[in-house]
Amino acid sequence: MRRWRLVLGGDEADGTGCALAGQDAAMDGALAALYGKGNQAQSGRSRSAGLGASAPSVARWLGDIRTYFPSSVVQVMQRDAIDRLGLSTLLLEPEMLEAVEADVHLVGTLLSLNKAMPETTKETARAVVRKVVEDLEKRLATRTRATLTGALDRSARISRPRHHDIDWNRTIAANLKHYLPEYRTIVPERLIGYGRASQSVKKEVILCIDQSGSMAASVVYASVFGAVLASMRSIATRLVVFDTAVVDLTDQLDDPVDVLFGTQLGGGTDINRALAYCQSQITRPADTVVVLISDLYEGGIRNEMLKRVAAMKASGVQFVTLLALSDEGAPAYDREHAAALAALDAPAFACTPDLFPEVMAAAIEKQPLPIPDTR
């Protein structure tokens, strides 16, 4: 009954008849400040959205929710406060930034405010962004490098491998017809091996990222992955962001925080122009993977966009379209454009950060992409 009372808010119709006291009452007050609906009576006080635009009250509220709720819940409540109560401008104050629980969505909000941010706040904002980016790199980098290193080695298979370079699974599969029942063994007439590791560039990857406002979380994750890929000597990585203009941020890939502050979330979208630039940077089509991360709401020339994708695929480029690179699942997207890309054998789908290494590995090996089942 206590939990239902906290959920329902104490309005006359909640039916619980449960009174709150002590920490429960304080917790209920923190919830009411954000999720209250009007001025209905609630245990002798008004249950309404009480944060307003007052920095002191918001600072106290941020402290309260960190006291009463786990970090994952705090992040959701902060996100709701920004969306429901229009508190974005308060994030321009350094004191406020120091009080919030940093996550990917907060980084997206800060990036959207970047141009309006006073100099006194920018240093604090960069510290907040760097903390999130470093946490993401710790979580994602090791697995990404391991997965892609294996894919790069497998994509360079050789037919006369040394013993320790033999890919036994594929060698056995290729020689099943040479099975000798009387000896219960297979004669491996054709050996398949992994290519020996080298320091030369084996693949080129171009990340082409839509920086419209709805793609904020994808921009954050893509910047982190771009930095991880750039740290691998065998992959030449290029990172391009676009709205109606195109910006190449490749020279900043050694620091994903610089990449993020080089973006400008919001504005229109011209996918065709972005792909034209990416196409101009391709020198080895058969060894290139282009990853377009966009919700596909095209403001440019639709037919030209599709022609560019078709031309790149015809030249040997592996083309991957991600509607989102985030944990939230598929966003709103242009279904007509997604269907047109699928007809070109470039299916568009949302991808979680945990799945991204497998998607890139499949693209490098020119294998079918591990498209998640969204039914």
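This is a predicted model: local features need pLDDT of at least 70, side-chain atom pairs count only at pLDDT 80 or more; totals for chains, interfaces and linings use all residues.
**Aromatic rings**

I went looking for aromatic pairs and found that the structure holds one. I noted both values because a pair of aromatic rings is described by the distance of the centres and the angle of the planes.

Where do Phe225 and Phe356 sit in the chain? I traced Phe225 to helix α9 (residues 216-230) and Phe356 to helix α14 (residues 356-365). They are 131 residues apart, so I wrote the pair down as a link between distant parts of the chain. I checked burial too: Phe225 and Phe356 are both buried.

I then looked at another ring, Phe261. Arg126 lies over its face, at 5.0 Å from the ring centre.

**Nonpolar cores**

Next I looked up the largest nonpolar core, which has 80 residues. Which of them touch the most other members? I got Trp61 and Leu110. Helix α7 (residues 119-155) gives the most to this core, ten residues in total. Apart from this core I found another one, of 24 residues, including Ile271, Leu275, Ile282 and Leu341. My general reminder: in soluble globular proteins, nonpolar side chains tend to be buried together.

**A patch on the surface**

Last, I turned to the outside. Trp4, Val7 and Leu8 form a nonpolar patch on the surface, and together they have about 330 Å² of accessible area. Leu8 belongs to helix α1 (residues 2-8). Why does Leu8 count as partly exposed? I put it there because its relative accessibility is 36%, and partly exposed lies between under 20% for buried and over 50% for exposed.

Terms used
Residues are numbered from 1 along each chain as its sequence is written. Side-chain values use heavy atoms; hydrogens and water are left out. Rings of Phe, Tyr and Trp (its six-membered ring) pair if their centres lie within 6.5 Å; planes under 30 degrees apart count as stacked, over 60 as edge-to-face and the rest as tilted. Helices (H or I, at least four residues) and strands (E, at least two) are DSSP runs, numbered from the N terminus. Buried means under 20% relative accessible area, exposed over 50%, partly exposed in between (1.4 Å probe, protein chains only). A charge sits over a ring if NZ of Lys or CZ of Arg is within 6 Å of the ring centre and within 35 degrees of the ring normal. A nonpolar core is a set of buried Ala, Val, Leu, Ile, Met, Phe, Trp, Tyr and Cys residues joined through side-chain atoms within 4.5 Å. Patches are made of residues with over 30% relative accessible area and no salt bridge: like charges are joined within 9 Å, nonpolar side chains (Val, Leu, Ile, Met, Phe, Trp, Tyr) within 5 Å. Accessible areas come from the Shrake-Rupley method with a 1.4 Å probe; for residues, only the protein chains shown count as cover. A salt bridge is a side-chain nitrogen of Lys or Arg within 4 Å of a carboxyl oxygen of Asp or Glu.
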